[in-house]
Amino acid sequence: MDYLQASENHSTWTLPAILKAHLWFKALGTAAFTGLFFVAYFYLLKNPVRPVTTIPVTWVDQAIGFEAIALPFYLSLWVYVSLPPFFMSTRRAVTSYGLRIGLLCSAGLGIFYCYPNATPPANIDWALIPGMAFLKGVDAAGNACPSLHVATAIFSCAWLHWRFSALGFSPAWKSANFFWCVAIVYSTLATKQHVAIDVAGGIALSLVAVWCLRLKKHALQC
């Protein structure tokens, strides 16, 4: 594969050099962003300003049963959405991407503030399923629609797809990226953390953000 790319000062970078560039800035910035997001997310979850609306179940939800095997894919989101910064070679690019995904998350949190909502009970004894009881205790069914799990996964998927093109990655990388994203989206339904309407809302939010924030241009040029 041809990993050579021009970046800062129009110099030639190798993939290892790009991954190592400003490593601590990338790692600490990602951790700080995630921490701030969760502070806002859980505050709105525990302090709704209006009555919480229950999102209705559709035939899609009835067709997709609970699958315990989907839990690792659901949890893998936090690894997945952390990947984009590590494929950037400058602090400016990392910061620019952080602002973009920050706007996406802020839009979702704004909706949760104005329209508190939750998924309906799944009528499953989560205590009998390893890992799920913990997840349900930490990530409650509120702040459901639009699904930010889905929105951030698709946003990251789109950026990685275009960035892999810029870096000359083989189609196998793009396929793996696509299927990982699909697995995460599916897992939101298969773990019963979200319903189909939440997922549709997350997809719509991410597509609007990708277009409005000119994500493709950023991915190809950073």
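**Exercise 1.** Does V182 count as buried, partly exposed or exposed, and which relative accessibility tells you?

*Solution.* Keep in mind that this is a predicted model. Start by finding V182 in helix 9. Next, recall the cut-offs: buried means under 20% relative accessible area, exposed over 50%, and partly exposed in between. V182 has 38% relative accessibility, so V182 counts as partly exposed.

**Exercise 2.** Work out which kind of aromatic pair Y41 and F42 make.

*Solution.* A pair of aromatic rings is described by two things, the distance of the centres and the angle of the planes. Ring centres must lie within 6.5 Å to pair, and planes over 60 degrees apart count as edge-to-face. The structure holds 15 aromatic pairs. For Y41 and F42, the centres are 5.3 Å apart and the planes stand at 85 degrees, so this pair is edge-to-face. Y41 is buried at 9% relative accessible area, while F42 is partly exposed at 22%.

**Exercise 3.** Find out which parts of the chain the pair of Y41 and F112 ties together.

*Solution.* First check the geometry: Y41 and F112 are 6.4 Å apart, centre to centre, with 85 degrees between the planes, and form an edge-to-face pair. Then place the residues: Y41 lies in helix 2 and F112 in helix 6, so the pair ties together parts 71 residues apart in sequence. F112 is buried, with a relative accessible area of 3%. To finish, widen the view: F37, F38, Y41, F42, W78 and F112 form one aromatic cluster.

Notes
Residues numbered from 1 in each chain as written. Predicted model: local features only at pLDDT ≥ 70, side-chain atom pairs only at ≥ 80, totals over all residues. Heavy atoms only, no water. Helix = DSSP H or I, 4+ residues; strand = E, 2+ residues; numbered from the N terminus. Buried < 20%, exposed > 50% of the residue type's maximum accessible area, 1.4 Å probe, protein only. Phe/Tyr/Trp six-rings, centres within 6.5 Å; stacked < 30°, edge-to-face > 60°.
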